[in-house]
Amino acid sequence: MIELFGCHLSTSWILIYTSLILLATSIIKKWLDKRSHFSRLNIPGPKPLPIIGNFNLIVKHGLAYNDLMMIQKYGKTLGYFQGSTAVVETTDLNLLKSVLIKDFGVFTNRRRIEALMFEPYDHFLSLIQDEEWKRIRAVLSTSFTSGKLKSMSKLMMECSNQLNNHLKKVADQDATFNGRDYFEGFTLDVICSCCFGFSVDSINEPNNEIIKHLKNLFLDSMTKDPRFMLIILFPKLATFLQKKNMLELIPKSSITFLKTLTFTIMQRRKDKSEYRDDFIQSMVEHEKNVENNTINERNSSDDEDAKWNHKDARYLKKRLTTAEIFSQAAMFLIAGMETTATTLNLIAYNLAKHQDIQQRLIDEVDRVLKNHNEEINYETVKEMNYMRMVIDETLRMFPAAVRLDRVAGEDFEYEGMKIEKGQMVVVPLWALHHDPNLYPEPEKFDPERFNEKNKQKRDANAYLPFGNGPRNCLGMRFAILEIKLALANIMANFRFETCDKTPGKIEIDSTGFARPKIPVILKIKNRF
Ligand code: HEM
């Protein structure tokens, strides 16, 4: 027993008090460091709170709207704290050019989230770094050439016909429908067919075992799932819990099931008992080319093949392991299903609200198809230029991923601001696409912003729905093709209309995707 300020305290109480004082001192010290962090680097921004940094702003306004408000308040480049993580955010077009293209050597990687480094996330193209990323991206890019996309377009059309059958039932009953359910069904079918190597009609088969396991691969984002919030706010704690098996993010049974399925499909392709024009087939063929030493720099190449893809033969001479291939198929599902479905959903909304624009699109589809025997395919949708303007403007208003990021691999100076090695740089796509200096009346749906003349006038980094530079979206041309085929097929048969449940204005939720806060309910009418 010790006497302190007239009180008798046991040794254990003294230990507890001392620990609390040390903890409080450490929190205050970290907070003071955080408060001066960005002013030291000459970067403006809001002052952080202890522990949560500026996360309260994100919770209050939502990720996308908060980005927009902060850019308006602090200028085109600012710094803030997302929990314990320091973030520099920019819509400065010159800095964007440096980060995404010119100084790609410095900004090669995205933020690495250690807690996510378990199977299948550990090999995700979007999360891996440096040499591993270069090797895997080079091999994967052989699956997204014009020739491969043309072959996959036939599989996409099968799924689009399935979607039309479902929409026809809605139209025949003069019913309303929730676009998200239908378009997610379609994009899930497309990824299963083109990337995992099997056909499915997920709207008709919601209890299909494979579909259930595939859906388990999704981590609901940011503010919805407390586990994800833990990863973002306290990455070190999340990593510790994950390594101790105290934080299960994806059921192990689903990982084992899907991995076995991929192995089986690959085996069938290798022993030639099955052939399909899909991603798995591309990977099996690549493996054969490596074994036979028949790799050329681009197995199939034309001017349209993505300009950023690595052509380095060193990387192309490597094959991917089956675990790596499974990982990429899972990544395509996560990167490609919701993004593409949301885009289709919001195109449908924009068209229902703007009947004049929808009519112009229908006229284009009818004209092109009339010239080509009514066939919707890889070539005919290429001629639908107005459709591309409608898609581009929808992705401007609602970029499916509302931000992207890079991490500085070394110290970097820009106009007196210092971006330190290890610093995460975020590009807030929503804020960029709603900048009234780049897009007057940003809330207005106006496809003319994307006619050739207007496009020429704009800086290439003012429009980034798929990112830019060597680390841009690998599936960009896949997604645009998928959307065009589905939209052409829909417009050839139906027309979207609003109903009394259609939202007057779209607001998005705080998840980091352009997910409408309330369901987009529409009507669909038969054209004939
Ligand atoms: C409308 C649909 C889509 C949108 C808006 C979209 C958007 C994006 C964005 C913004 C990025 C980050 C780019 C950057 O950091 O510069 C990205 C990365 C990526 N996307 Fe997409 N995406 C879409 C569809 C798809 C599809 C269908 C696939 C696959 C089939 C896909 C595969 C990927 C991959 C693999 C990456 C990571 C690339 C890398 O790190 O090298 N995406 N996407």
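Colleague: Which element gives the most to the shell around the ligand?

Modeller: Please keep in mind that this is a predicted model. Helix H14 gives the most to that shell, with seven residues. Helix H5 (130-141), H14, strand S6 (403-407) and H20 each supply at least two residues.

Colleague: Which residues come nearest to the ligand?

Modeller: There are 26 residues around the ligand, and Arg110, Trp133, Arg137, Arg406 and Cys473 come nearest. By class, the shell has 13 nonpolar, nine polar and four charged residues.

Colleague: Which N or O atoms of the protein lie 2.8 Å, 2.9 Å or 3.4 Å from an oxygen atom of the ligand?

Modeller: The side chain of Trp133 has an N or O atom 2.8 Å from an oxygen atom of the ligand. For Arg471, an N or O atom in the side chain is 2.9 Å from an oxygen atom of the ligand. In the case of Asn468, a backbone N or O atom lies 3.4 Å from an oxygen atom of the ligand.

Colleague: Let us turn to helix packing. What describes two packed helices?

Modeller: Two packed helices are described by the angle between their axes and by the distance between those axes. Here, helix H14 (residues 322-353) packs with helix H20 (residues 476-491) at an angle of about 40 degrees, and their axes are 10 Å apart. The two helices are therefore oblique to each other. H14 passes H20 in a right-handed crossing.

Colleague: Which residues of H14 and H20 meet?

Modeller: From H14 come Thr340, Thr343, Leu344, Ile347 and Leu351, which meet Ala479, Glu482, Ile483, Ala486, Leu487 and Met491 of H20. By class, this contact of H14 with H20 has eight nonpolar, two polar and one charged residues.

Colleague: At what angle do H7 and H20 pack?

Modeller: Helix H7 (residues 179-196) and H20 pack at an angle of about 130 degrees, with their axes 12 Å apart. H7 and H20 are therefore oblique to each other, and H7 passes H20 in a right-handed crossing. On the side of H7, the contact is made by Phe183, Phe186, Thr187, Val190, Ile191, Cys194 and Cys195; on the side of H20, it is made by Phe478, Glu482, Ala486 and Ile490. By class, this contact has nine nonpolar, one polar and one charged residues.

Colleague: How are H14 and H17 placed, and at what angle do they pack?

Modeller: H14 and helix H17 (residues 385-397) pack at an angle of about 105 degrees, and their axes are 10 Å apart. That angle makes H14 roughly perpendicular to H17. The contact joins Thr343, Leu346, Ile347, Asn350 and Leu351 of H14 to Val390, Ile391, Thr394, Leu395 and Met397 of H17. These residues divide into seven nonpolar, three polar and no charged.

Colleague: Is the phi of Asn293 positive or negative?

Modeller: Asn293 has a positive phi of about 55 degrees, although it is not a glycine. Asn293 has its place in the loop between helix H12 (279-291) and helix H13 (313-316).

Methods:
Residues numbered from 1 in each chain as written. Predicted model: local features only at pLDDT ≥ 70, side-chain atom pairs only at ≥ 80, totals over all residues. Heavy atoms only, no water. Axes fitted to C-alpha atoms, helices over the stretch in contact; angles between N-to-C directions. Helix = DSSP H or I, 4+ residues; strand = E, 2+ residues; numbered from the N terminus. Parallel < 35°, antiparallel > 145°, perpendicular 65-115°, else oblique. Left-handed = near helix turned anticlockwise from the far one by under 90°. Contact = heavy atoms within 4.5 Å. Nonpolar A, V, L, I, M, F, W, Y, C, P; charged D, E, K, R; others polar. Near = heavy atom within 4 Å. Polar contact = N/O pair within 3.5 Å; in protein donor to acceptor, adjacent residues only side chain to side chain.
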